[in-house]
Amino acid sequence: MLAASLLALMLPRGAGASVARAVTLAQLVARSEQVVVGTPLEAHARWESPGGQRRIVTYTRVRVDAAIDGGGQSELLVRTLGGHVGDIGQVVSGEAVLSIGQPALIFVGRSADGVLAVTAMAQGHFPLRRDGHGTLRLRPSPRLANLVGAQHSAVQRLVGRSVPEAEQLIAVAHSHAP
Amino acid sequence: MHRDPIRAALAALLVLTAAGTAQAYCRTTTCSADDPDLPCTLDANGCLSGGNPLYWSGACVSFSVQKSGSPLRDITAEAADKVISDGFSQWASADCGSGHPSIGLYDHGQVSCTKQEYNQKSGNANIFMFRDTRWPYGANTSGGAATSAETLALTTITYNIKTGEIYDADVEINSHDNDITISDKNVAADLQSIVTHEGGHFLGLSHSPNASATMYASYQYGDTSLRSLSQDDVDGICAIYPPGRDVGACNPTPRHGYSSTCAPPPKSGCRVGAPGAPTGPRDAEALWGVLFALGLLARRRRPA
């Protein structure tokens with residue numbers, strides 16, 4: 001526990017800007033249509049009005065490298081809030097940042113208008129980085145929100161895990177889902 | 001007020017392991033993971049960096065409060081305004097040694113607009129607004145996945161990607177899904193802690209790796225400690241707005257003028273060339289195909 005807390009403290013904090021209740025792994029799994037290891041290939045930002053709020057959104061085409069839970073498509077089209085259009089940029093608090101070429105474990109679900117989005121924003125996005133032994137391990141999303149109740153969160157449970165370890169935890173969470 | 005002792009102990013350990021690091025605070029920058037010309041990198045301090053840091057260019061910046069307040073949480077706009085003003089005053093009155101930060105906050109009062117928006121051809125306002133009836137980025141009403149209903153507050157900052165100058169900032173508070181409180185008793189999600197933290201983002205700061213900072217990325221229900229700033233927060237705001245910055249007199253007018261009302265919705269038109277949300281995943285996928293066909297993706301670039 002101490003090690004996990006210390007690990008969390010030592011992880012980078014990004015440019016996020018929100019406050020959010022931490023979601024548990026069970027909640028994250030239950031609310032996601034698919035969980036994948038994917039690599040963002042290309043992205044395009046545009047002005048749009050999700051939820052009636054006119055803002056910049058970014059559509060990212062994600063190659064599915066491995067389907068962890070649900071799905072089966074080879075590619076996904078995922079919308080995130082924020083991005084650059086012309087000379088205008090928007091940064092949106094606590095949103096996932098799908099970096100091109102950066103593989104990640106991603107939980108995705110449908111937003112109210114039916115478009116795929118990262119579940120719980122940055123809390124459902126875990127970039128993968130190799131450790132000193134070459135093992136891919138989950139990292140927190142760079143613009144993770146200020147989390148309320150982080151000690152029981154999916155972030156706390158998953159960050160630092162290898163993909164097989166995370167897959168096992170997700171499978172257990174799925175089996176206990178209502 | 002209280003600080004979590006375990007968090008503080010771990011923070012002290014972190015300080016030991018990070019000995020030699022001169023700063024802890026992080027500034028928000030123009031970097032964007034999806035923009036190949038402005039990629040985000042992690043600096044030695046653990047901050048996302050790349051591009052230019054964000055800042056307000058004038059001597060002051062205005063803010064407004066949506067006039068409905070939060071009837072659901074029994075918070076009037078007047079009460080919210082006071083809490084927000086108190087939060088901002090923490091930042092404006094920070095002790096930079098040789099003076100206070102060279103940024104003033106101007107209260108534009110209440111506005112009727114209920115939308116997060118930045119208008120490129122009409123007036124604007126930097127609005128704090130409550131979402132009592134629904135969280136616009138939340139659950140699928142048909143019973144599917146929720147996307148962000150757990151969010152307590154969401155700040156959207158609009159900026160010039162070439163300079164980092166902030167054009168607009170809006171803060172949406174999710175009072176529909178969260179017990180937002182303003183009292184010193186029976187504190188749940190403390191509005192003043194939330195808006196003081198969001199105020200740091202509003203002014204250009206990002207999350208700090210310093211666990212004692214208001215800009216640290218963790219909060220516990222009932223905690224009011226984020227209402228006041230730590231030295232790390234002070235260092236951050238003083239770095240963005242050092243005393244004596246040559247910025248002239250205060251002009252709190254938002255970019256393109258002040259407007260207390262929302263802009264009219266854009267006229268519908270061409271689905272690809274003009275703004276207009278896809279109505280569903282098939283629309284989004286169709287749009288994607290068209291964009292590919294036009295070769296827009298391969299040339300995704302800032303104009304000169």
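What follows is a short chat about chains A and B of a predicted model.

Colleague: Let's start with chain B: how many helices and strands are there?
Modeller: Chain B has 304 residues, and 45% of them are buried. As for its secondary structure, the count is five helices and 10 strands.

Colleague: For contacts in chain B with a separation of 6 or more, what share comes from residues 24 or more positions apart?
Modeller: Take B:Phe63 as one example of a residue to look at, sitting in strand β3 (residues 60–66) of chain B. Beyond its neighbours within four places in sequence, its contacts include B:Ile84, B:Leu105 and B:Phe128. Over the chain, with that separation of 6 or more, residues 24 or more positions apart make up 68% of the contacts.

Colleague: And is B:Phe63 buried or exposed?
Modeller: The cut-off for buried is 20 or more other C-beta atoms within 10 Å. B:Phe63 has 27 of them within 10 Å, so it counts as buried.

Colleague: How far apart in space are B:Phe63 and B:Pro242, C-alpha to C-alpha?
Modeller: In sequence they're 179 residues apart. In space, the C-alpha to C-alpha figure is 21 Å.

Colleague: Over in chain A, which residue in β4(A) is the bridge partner of A:Arg63?
Modeller: Strand β3 (residues 55–69) of chain A pairs with β4(A) in the antiparallel sense, over seven bridges. The two form a hairpin with five residues between them, and A:Gly70 in the turn has a positive phi of about 80°. β4(A) covers residues 75–81, with five of its seven residues buried. Within β4(A), the partner of A:Arg63 is A:Glu75.

Notes: Residues numbered from 1 in each chain as written. Chains lettered and ligands numbered in written order. Predicted model: local features only at pLDDT ≥ 70, side-chain atom pairs only at ≥ 80, totals over all residues. Helix = DSSP H or I, 4+ residues; strand = E, 2+ residues; numbered from the N terminus. Buried ≥ 20, exposed ≤ 12 C-beta atoms within 10 Å, placed from the backbone. Contact = placed C-beta atoms within 7 Å. Pairing = 2+ DSSP bridges.
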